[in-house]
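Hello,

Here is the structure I promised to pass on. Please open it first, then read the notes below.

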2 protein chains.
Amino acid sequence: MTDEPRRRPARSAPTIYDVARVAGVAPSTVSRTFSRPGRVNAETAERVREAAARLGYRTSPPARALSTGRSSMVALVIPDVTNPVYFDITRGAEDAAAEAGYTLLLADFRESGRLEREAIDRAVPAVEGLVLGGPRISDSALRMAAKQRPTVVLNRAVPDIPSVVIDNPRGMRRIAEHLGALGHATLTYLAGPEESWADGMRWRSLREAALELDLRVRRLGPYPPTLAGGLAAADDLRRNPTTAVVAYNDLMAIGLMHELQRLGVSVPREVSIVGFDNIFGSDFCTPPLTTVAAPLRKLGAAGVRRLIGQLGGGPVRTGRPEVLPVQLVVRGSTAQRSRNRSSPARGTTSVSGSAAHASGSTSAGSR
Amino acid sequence: MTDEPRRRPARSAPTIYDVARVAGVAPSTVSRTFSRPGRVNAETAERVREAAARLGYRTSPPARALSTGRSSMVALVIPDVTNPVYFDITRGAEDAAAEAGYTLLLADFRESGRLEREAIDRAVPAVEGLVLGGPRISDSALRMAAKQRPTVVLNRAVPDIPSVVIDNPRGMRRIAEHLGALGHATLTYLAGPEESWADGMRWRSLREAALELDLRVRRLGPYPPTLAGGLAAADDLRRNPTTAVVAYNDLMAIGLMHELQRLGVSVPREVSIVGFDNIFGSDFCTPPLTTVAAPLRKLGAAGVRRLIGQLGGGPVRTGRPEVLPVQLVVRGSTAQRSRNRSSPARGTTSVSGSAAHASGSTSAGSR
DNA sequence: TTGAAAGCGCTAACAG
DNA sequence: CTGTTAGCGCTTTCAA
């Protein structure tokens, strides 16, 4: 009949002291048994372990953290959990963290710099280090964070802070080569958000590659890096037609592709479209999207591994960023440039492309 | 020239004591200022806050957790971060947690029951409560977990454990009505994994709805709940043709749709296909998928809110699960049943459907 | 190899 | 309203 508001869970979990009592040893011995086995007699350890098992003892992370200063947690701070680009990054980070015995704290800041700063602030005291995947805040704000806790940045090169990026230049180079080989002489780049480091990088890389390959490039945008962004670009594009479009990312590419088709423009017959990232869905949109496969999972994993390496006293390689290789995936959204470049004869059903589907089907169901 | 291995971060963070000294008050006053403002003189509080700000004081979560038993963290345990169904659930959970001042611990168990149990075990001591989204473990294993920490289950009704589910029966009912209205007399259900509570629920609901509506139903499977699963189902389906297929989820529906089309079967002309969940991508596959929109974001949020409510001493409503409403989204993958039911005349270009596209375009770019 | 004792930073009771 | 005093559960010296 006790109806007092129980503040702590009814029967609080067994502690090191309970185990010690049952095993007939000192608490410190129990502690040692778990934190540094080898420093304790084998038989004693066995007794302790038994007692612990019988009582269902679990070491308390906060207590350990308080006493050692190590919480065994790292935070992953990303712009948007629902953005497919970050799915795989999250997964990779999770994998790497679990593998190293760390727990992952997830913070999502909804593309807002203010929220990002808040998220970092809240995470900092709770974790040993941070992985910032796609930060939207300034370099100096980043450095502030990095001063508080070991930090690794993804998708962006920041001087003085360890970072991991994908090989944007090579990706763009491959795209330019591919499009060039298909006979496209002018490439239109659909720009993503201006605060995005990757956008600047991709645009510059494309321009350079085009220069070397003797192609012309043009830039439209910026647009939001979403389906809607691509959709919005369709209009601008119709006013300034091209035969080849390189979008900042897959989301935009897919949005554009669908809007163009809705407007009666055939892809890839009239316009070839290339994306970037190889996100979920890029293989089953119609036509399947030619894109650059970024090793997103590896990116997340590399970030966390690097961070945990530092925590363990490893080197803090703050020089040039670690670069992960990319790969061009040719699917159905790109094709040989057609003769009649602008204002193409709509309704003409000269379906040339079997190639359009040949490669697309292979990846279907790969997930 | 000190090269001793620094164990703690060089200059350890300021504590409550530092603030107390600077502000000229007792440590407990500092504590009170932050944990229960109002119980402290306004001016004193101001002095404390100033001192804290000047020193850059941050309260230490582990210390607080140790002393209060409350870590302000909840865990979200899901089968697969890279499964689109869980993106939105995760986002919703994140939102709700942040809103309540809680931090979200993310654990992903890669569809493995063993890993799920491990993930739970690791999370339990660190958090105040658990949200299990789509558990694969047995009811009894679930109850074990729930005994250790307040637990809320998503996507599954478990007796004695608070749970939140979506309205599967209504969803299936809507699908049956829709398909029935289009003239389909027999519906084929593509089953998902047998361990999935939702699969059983959906199949039963479809059967009941069909019964009431005087339609016939048939069940094929089980298949993996993935693109590949749907792809695999295509073969079986060709051996036993129907005009209408209801898949366990969108992923399977999309996989099936694409494989069917690759095999030369026209969707929706020859076969109508319906999915479930309304995941990212279901609006831009071809044709856009008719599906049941599950309020995934709300589901995640509801789970966390409910959990946090309990933590705060709220009621533990363990009776019947909280049910979230669903909505049928009609897009291009379903159409009027064509006259020539089986072995349809391929190559015939009697495109009937303008309806097939009318609704599909509206949702394009909605993300 | 083990035990005893002193904290980690914070909160919560109890006096004043 | 504020100061004092015990701990929370664990790790870590320091002796034994």
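Which residues in helix 8 of chain B meet which residues in helix 9 of chain B? This is a predicted model, so keep that in mind as you look. From helix 8 of chain B come B:Asn168, B:Pro169, B:Met172, B:Arg173, B:Ala176, B:Glu177 and B:Gly180. They meet B:Ala198, B:Met201, B:Arg202, B:Ser205, B:Leu206, B:Ala209, B:Ala210 and B:Leu213 in helix 9 of chain B. Sorted by type, the residues of this contact are nine nonpolar, three polar and three charged.

Now the geometry of that pair. Helix 8 of chain B covers residues 168-181, and helix 9 of chain B covers residues 197-213. Their axes come within 8 Å and cross at roughly 45°. That angle makes helix 8 of chain B oblique to helix 9 of chain B. The crossing is right-handed.

Finally, the interface. In it, 46 residues of chain A are in contact with 46 residues of chain B. On the chain A side, at least two residues each come from helix 4 (61-68), helix 5 (84-99), strand 2 (103-108), helix 10 (227-239) and helix 11 (250-262). Helix 5 of chain A gives the largest share, six residues. The chain A side divides into 22 nonpolar, 15 polar and nine charged residues.

Best wishes

Technical notes:
Residues numbered from 1 in each chain as written. Chains lettered and ligands numbered in written order. Predicted model: local features only at pLDDT ≥ 70, side-chain atom pairs only at ≥ 80, totals over all residues. Axes fitted to C-alpha atoms, helices over the stretch in contact; angles between N-to-C directions. Helix = DSSP H or I, 4+ residues; strand = E, 2+ residues; numbered from the N terminus. Parallel < 35°, antiparallel > 145°, perpendicular 65-115°, else oblique. Left-handed = near helix turned anticlockwise from the far one by under 90°. Contact = placed C-beta atoms within 7 Å. Nonpolar A, V, L, I, M, F, W, Y, C, P; charged D, E, K, R; others polar.
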